[in-house]
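Dear colleague,

Please find below the structure I am handing over to you.

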Amino acid sequence: MTSPTLRPLEADATVEQLPRRSTLDSVIFSGVFGLLLFNPLAFGAVEPWSIFILEWSASLLFVLWALRQAKSGELLVVWNPLFPPILIFAALVALQVITGRTAYRYETLSSALLYGAYGLLCFLAVQCLRRTSQVKTLAIVVPVYGFAVAMFALIQSMSSNNKLYWLRMPRSGGWIYGPYVNHNHYAGLMEMLAPIPLVFALTRNARGPRRTLAAIAAATMSGTIFLSGSRGGMAAFAVQMAILAGILISQRKGRRVALLFGVFLVIGVALLAWLGGGELARRMASIHTEARAELSGGLRMTVNRDALKMFAHKPWLGWGLGVFPDIYPQFRTFHTNFFVNEAHDDYLQLLVEMGGLGFATMLWFVIVMYRGALKKLGNWPEDINGAVALAAMLAATGILVHSFVDFNLQIPANAALFYVMCIVATLETRFGQSRRKVARRQ
């Protein structure tokens, strides 16, 4: 075997320069994205058995990738600009464990294994997502999957017996929507899936019935964010649409794209009015009252204030990855019979568990993601690379906004999909160019 080679796939790479596809390549590609789509169906992958499947499947896929490299006789690793912050974050977690800075070593090690699975999926996504045909496959599979999950959520909400899949009663109760115990986490899933068919419908690659079906799928998925009753989801989706509208206006795209975007919004509003207008109106009317109650001393704001006190005690390296529910009772300033397992603010929880250094690494990660995505948006309706970056960036933005008021990134299914979306947003330009290069040379 030759010495390891690290290189990005160049924008002008030809078909001949791509490694020859093998059965293992197809297995790894299908395994990575199949696992990402399986996790939400397994109640968000929050239970020990589903976490086991996530961690071991990611490890097995990595072993298959290593075998593929060994079989080819060359170690080819495609680089991504998000790898450095990921590696620094891993080093900080290792430092917590090695130096004994974590308050609960076992919990930090368990969380490190889960984050390791996220990292492996991100790494493998970069290595295996290399061909335009794969993007076109995902452009079909993801909307069909998202539409199916959204329709299931609608049907279940209309005929609910307060059980997941009409069969399983949650142990601690909850506001069930779709395959999730918590309706906010269902909304988080749809925030990441809905931009894919929406952006696809606005590109030149979608024509005729495919464009119509993609728009309907996007509108249905988006509508269920509102019908789920998640206020954080509604706000996040509104920000996503505002960003997309801002991009359309700033780039002065043609009337066709603007018209299609307007049609999507009309379809979405019509679906909302038809499927759940009354319930949605009641939920929207409660937003101001409930938000005011929280800000004046509601549970979430109290937890957030307590979390800031926790951060002040260990501001640099934090208390340890994954230990928030174990440490929080020492700082809780109110009486309750409920177990507060998360901070309901992913940013505050990161501050508590990873300290200022971990938080700074997160900011680095987010800045690199946006910088990598934005530079490819110049002609996204025509360029598949720009369309992929835009869809992934909008998906990540939804979770980043929602994380101010909830804990989607503590749900393994949503966290894994979020990190892979960030990686996809920063992929080097590689799609839709190789065949044109070959054609010009002939």
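The second largest cavity is lined by Lys 376, Asn 385, Val 388, Val 424, Leu 427, Glu 428 and Phe 431. Please note that the model is a predicted one. The volume of this second largest cavity is about 30 Å³, and its lining consists of 4 nonpolar, 1 polar and 2 charged residues. The count of cavities of 30 Å³ or more comes to 2.

Turning to the open spaces, the largest pocket holds about 1,900 Å³. Its lining comprises 49 residues, and those closest to the centre are Phe 339, Asn 341, Glu 342, Phe 407 and Ile 411. With 7 residues, α4 contributes the most to this lining. By type, the lining of the largest pocket divides into 26 nonpolar, 14 polar and 9 charged residues.

Because its relative accessible area is 13%, under the 20% cut-off, Glu 342 counts as buried. Its side chain makes a polar contact of 2.7 Å with the side chain of Gln 349. Beyond its neighbours within four places in sequence, Glu 342 is in contact with residues including Val 303, Phe 324 and Phe 407.

The second largest pocket contains about 800 Å³ of space. Of its 34 lining residues, Pro 85, Ile 86, Phe 89, Tyr 115 and Tyr 419 lie nearest the centre. Here α13 provides the largest share, 10 residues. The lining of the second largest pocket has 26 nonpolar, 6 polar and 2 charged residues.

With kind regards

Note on methods:
Residues numbered from 1 in each chain as written. Predicted model: local features only at pLDDT ≥ 70, side-chain atom pairs only at ≥ 80, totals over all residues. Heavy atoms only, no water. 1 Å grid on protein atoms, 1.4 Å probe; cavity = no way out; pocket = protein on both sides within 12 Å on 5 of 7 lines; lining within 4 Å. Points joined across faces, edges and corners; volume = space filled by probe spheres on them. Nonpolar A, V, L, I, M, F, W, Y, C, P; charged D, E, K, R; others polar. Buried < 20%, exposed > 50% of the residue type's maximum accessible area, 1.4 Å probe, protein only. Polar contact = N/O pair within 3.5 Å; in protein donor to acceptor, adjacent residues only side chain to side chain. Contact = heavy atoms within 4.5 Å. Helix = DSSP H or I, 4+ residues; strand = E, 2+ residues; numbered from the N terminus.
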